[in-house]
Amino acid sequence: MNKPHYPPAWVDRLLESFCAAHLLEEVQGDLHELYGKWVQQYGVRKARWLYVWHAMKFFRPYAFKRNKNRYSMNLTAMLQNYLKIAFRNLQRDQVFSLINVGGLAIGLASCIILLLFVDDELSYDRFHTKKDQLYLVWMNQIKPNGEISTNETTPNALAEAILSSVPEVVNAGRWDWGGEHLLAYGNQSIKKNGNFADPSILQMFSFNLLAGNPETALDDPNAIVLTRSVAKALFGEEDPLGKMVRMDEQTDMNITGIVADPPYHSTLQFDFLLPWQYAVNLQHGAGEPNWRNFSFRTFVELSDKASVTEVNKKIRPLVQQHSEQKDITLMVQPFTDWHLYSEFRNGIPVGGRVEYVRLFLIMAAGILLIACINFINLSTARSEKRAREVGIRKIAGAARTALIGQFIGESLILSALSLTVAVLLIHFTLPYFNLLFDKHLTLEYGNPLYWSVGFILILFTGLLAGSYPAFYLSGLNPLRIFKSNLRFSKSTLRPRQVLVVFQFAAAIVFTLGTLIIYQQIQFIKDRPIGYNIANLLEVPIEGNLYGKSELLREELLNTGAIQSMCVLSNPMVGGWTSTWEVEWPGKQPDGNISFVQLATAYHFTETYGVEIVEGRDFSEDYASDSSAILLNEAAVAAMSLTNPIGTQVKWQHENRTVIGVFKDFIKGSPYQTVQPMIIGFMPQRASVIALRLDNSRSISDNLAQIERVFKNLNPTYPFQYSFVDARYEQKFVTEQMLGQLSGLFAGLTLFISCLGLLGLTAFTAMQRTKEIGVRKVLGASVVSVVALLSKDFIRLVLIALFLATPIAWSIMHRWLQSFAYRIELQWWMFALAGLFAVLIALLTVSFQSIKAALMNPVKTLRNE
């Protein structure tokens with residue numbers, strides 16, 4: 001029997017407290033009926049949110065109780081009066097209102113956008129039903145220098161071994177990239193990316209299978225599971241289940257399932273799934289189970305009561321028990337942590353995208369706090385204008401609590417207006433942020449949670465920003481006010497000065513961060529790549545192109561569109577494979593080294609512009625080159641080879657001869673050191689064609705000629721290519737995004753800080769109006785008056801620079817430590833950021849100072 005669910009009792013009590021009696025019964029009855037439907041349709045949690053949201057909709061004047069009590073009527077009249085005064089004050093000082101609303105709106109909009117990003121990052125992979133039981137297996141390898149390298153690639157024999165030796169694991173599955181394939185049905189064809197997966201994957205992960213059986217969909221070696229978008233592109237409205245789709249014009253695959261497209265928040269993305277056995281039959285890299293090839297991901301599902309510590313103890317030595325790799329251990333990490341915690345140091349997760357989540361949370365809180373500080377500064381700066389109003393109200397009998405309520409109310413009204421403007425700003429700027437973050441952030445206007453957060457932001461900013469002015473103004477002595485001797489002591493000024501220092505310190509930290517990030521990016525971009533990326537094109541080998549590289553090269557050279565061509569196993573920018581199974585003379589028993597490996601054929605160094613520093617490249621003149629290899633300088637150093645040319649090296653289970661040493665070039669991250677690398681002569685492993693374009697002709701003409709040749713040899717496949725320089729530029733996207741973000745918020749922080757500084761300058765000028773008048777009568781120049789008013793504020797900015805410098809140094813020094821190649825922090829960077837902040841502050845202060853200095857002293861002194 002199902003347990004009944006009741007709506008929140010506190011909401012019913014709230015309704016009873018304000019809702020008119022003739023409406024209450026009907027309103028509650030309708031809401032209770034709707035609540036029952038919502039529970040069945042959405043579940044208890046969402047039903048409670050909807051109940052709260054719809055109950056709040058009745059908080060309107062027509063639904064209020066009509067209480068004829070005199071006190072209540074007087075209270076209502078008083079509140080209406082305060083509301084009128086609040087709006088009149090906003091209208092009377094429109095510049096102040098505009099600055100305050102604008103500053104708060106920018107702060108709120110920035111805060112909300114950053115919180116949307118944080119929420120988006122935290123939601124990755126949370127849609128899986130078994131998310132708390134799913135884990136990814138990671139490999140730790142001890143390097144010769146004692147450091148531990150961590151990677152998520154494991155042997156393909158691991159899943160079966162874990163299932164048989166770890167009782168806490170109830171399921172395990174392998175996952176591997178299957179490449180891009182041409183799928184055809186009738187006259188329709190489409191090229192999409194697929195993945196190889198064990199049958200258990202569809203049982204472990206909550207990919208929504210729309211048709212087919214998740215337990216058997218990947219059992220047949222020739223089965224294929226399509227996503228809904230791919231199925232619709234090929235079959236339209238026709239039911240594809242059980243039909244055959246032709247893959248790469250070679251194999252007919254039976255459609256055994258249709259799965260919904262993986263959600264945007266899924267780390268595992270695919271267009272179709274292929275059975276693991278299909279890869280084995282094809283002799284794909286997956287192949288038969290072995291412990292040599294560390295190129296695959298292994299996922300495990302633990303039982304409900306499993307101890308992760310015990311599981312890690314049991315899987316830790318599995319590689320050592322089944323192979324000669326004694327320096328490798330295993331561990332598991334929660335699958336939901338993969339997206340955020342993908343960086344390890346000595347086998348311990350130390351960060352990843354979670355660093356951006358923390359950074360954005362700090363930014364969101366910081367910029368909102370700065371906007372509130374700006375409000376406080378501007379409100380107290382104009383307090384003398386409101387002093388007589390406060391005095392009259394207090395003489396008329398107004399309690400201090402009533403005055404506090406009035407000022408807090410004005411602050412809340414400003415917050416509400418600011419939030420409205422902020423929502424408009426978000427609506428128009430969110431597409432830009434999505435482009436910057438490569439996200440799909442949206443503001444869900446119909447989500448009650450979003451409105452609840454908005455309400456909380458209004459209360460938070462309204463109370464925080466309005467509390468100081470409210471308590472300060474309400475505490476003024478009316479006698480002092482009407483004797484015209486009201487003056488603000490230094491103790492009154494200090495809090496605002498502290499707030500200005502805080503604002504500019506934050507702005508300087510952001511400015512320094514932006515400068516250092518861009519310097520680091522430029523430093524890495526200026527690092528020699530090791531080969532020529534200009535006019536270099538890469539095209540995948542597919543369809544009829546296999547085995548026709550020499551014919552293709554000959555025809556392309558005849559067109560004059562290219563200068564050289566070669567084939568290789570992987571794109572130069574992007575993925576690669578690695579191996580530890582390398583033997584050479586003098587190798588120490590515990591001297592396993594991870595080598596990046598690349599298969600190629602003739603003309604490799606010519607096409608890519610790689611420099612041979614010793615020996616030669618592969619050549620048709622030497623038949624023995626079919627069993628030859630090239631080493632990079634890092635490999636020669638790691639292997640301690642004094643005379644590498646002619647050395648016999650066992651690689652890919654064959655003895656091979658080193659015929660050349662090439663200069664190190666960047667294959668992986670440009671921020672890290674170059675790894676040891678082996679390039680072997682293995683044209684049968686090639687999957688990419690590299691073309692060096694003729695730079696004497698236009699790129700469009702070259703591409704047209706190349707496309708014509710490709711279409712003649714491979715008419716079924718679309719001609720797809722990528723420029724190497726464009727792909728290399730993608731390596732800097734994350735750091736460039738961070739730099740743009742830091743620059744954007746540095747600008748916003750400076751802007752809001754300057755608004756606060758403008759208000760504080762106006763406050764000071766107002767306080768020293770008569771002093772300025774006396775000085776001008778005595779002969780003071782405009783320049784001296786401007787200097788008098790500006791020096792204190794410039795001093796505040798210099799104090800902010802003094803405080804911000806060690807903070808920025810600490811943050812950016814820590815950030816730079818994650819890069820093997822990095823800049824050194826120089827004094828001029830801090831001086832430049834400080835000078836920029838001082839100039840901006842000087843311009844802001846000068847505007848108000850010059851205005852005060854130009855005032856007629858007769859007008860300022862006529863009351864004396």
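Biologist: Leaving aside neighbours within four places in sequence, what is T329 in contact with?
Modeller: W138, M139, N140, R316 and Q320, once neighbours of T329 within four places in sequence are set aside. Contact means heavy atoms within 4.5 Å. This is a predicted model, where local features need pLDDT of at least 70 and side-chain atom pairs count only at pLDDT 80 or more, while totals for chains, interfaces and linings use all residues. Residues are numbered from 1 along each chain as its sequence is written, and side-chain values use heavy atoms, with hydrogens and water left out.

Biologist: Where does T329 lie?
Modeller: T329 is in strand 11, residues 328-334. Strands (E, at least two residues) and helices (H or I, at least four) are DSSP runs, numbered from the N terminus.

Biologist: Is T329 buried or exposed?
Modeller: T329 counts as buried because its relative accessibility is 13%. Buried means under 20% relative accessible area, exposed means over 50%, and partly exposed is in between, with a 1.4 Å probe and protein chains only.

Biologist: Next one, S110. Why does it count as buried?
Modeller: Because its relative accessibility is 6%. S110 sits in helix 5, residues 94-122. Beyond its neighbours within four places in sequence, S110 touches I367, F745 and L748.

Biologist: Switching to strands. How many residues of strand 18 are buried?
Modeller: Six of the six, so strand 18 (residues 595-600) is largely enclosed by the rest of the structure. F595, Q597 and A599 point one way, and V596, L598 and T600 point the other way.

Biologist: What does strand 18 pair with in the antiparallel sense?
Modeller: Strand 16, residues 577-579, over three bridges. Two strands pair if DSSP finds at least two bridges between them. V596 of strand 18 is the bridge partner of S578.

Biologist: And which strand runs parallel to strand 18?
Modeller: Strand 23, residues 677-681, joined to strand 18 by five bridges. There, I678 in strand 23 is the bridge partner of Q597.

Biologist: Which strand has four bridges to strand 7?
Modeller: Strand 8, residues 251-259, in the antiparallel sense. In that pairing, N254 of strand 8 stands opposite M244. The two strands form a hairpin with three residues between them, and D248 in the turn has a positive phi of about 55°. Strand 3 (residues 169-185) also runs antiparallel to strand 7, with two bridges, and L183 stands opposite M247.

Biologist: On to helices. Which residues of helix 18 are buried?
Modeller: In helix 18 (residues 549-559), L552, R553, L556 and T559 are buried. They lie on the same side of helix 18, because they cover an arc of only 120° around the axis. The arc is that of the directions from the helix axis to the C-beta atoms.

Biologist: What do the buried residues of helix 18 pack against?
Modeller: Strand 15 (562-568), strand 24 (688-693) and helix 21 (699-713). After helix 18 comes G560, with a positive phi near 80°.

Biologist: And L557, why is it partly exposed?
Modeller: Because its relative accessibility is 32%. L557 is in helix 18, and apart from neighbours within four places in sequence it is in contact with I562, Q563 and S564.

Biologist: How about helix 1, which residues are buried?
Modeller: V11, D12, L15 and F18 are buried in helix 1 (residues 9-18). Their arc around the axis is only 145°, so they are on the same side of helix 1. Their cover includes helix 2 (21-42) and helix 3 (44-56).

Biologist: Last thing. Which residues form a nonpolar patch on the surface?
Modeller: F455, I456, L459 and L463, with about 380 Å² of accessible area together. Areas come from the Shrake-Rupley method with a 1.4 Å probe, and for residues only the protein chains shown count as cover. Patches are made of residues with over 30% relative accessible area and no salt bridge; like charges are joined within 9 Å, and nonpolar side chains (Val, Leu, Ile, Met, Phe, Trp, Tyr) within 5 Å. A salt bridge is a side-chain nitrogen of Lys or Arg within 4 Å of a carboxyl oxygen of Asp or Glu.

Biologist: Where is F455 found?
Modeller: In helix 15, residues 448-474. F455 is exposed, with a relative accessible area of 53%.
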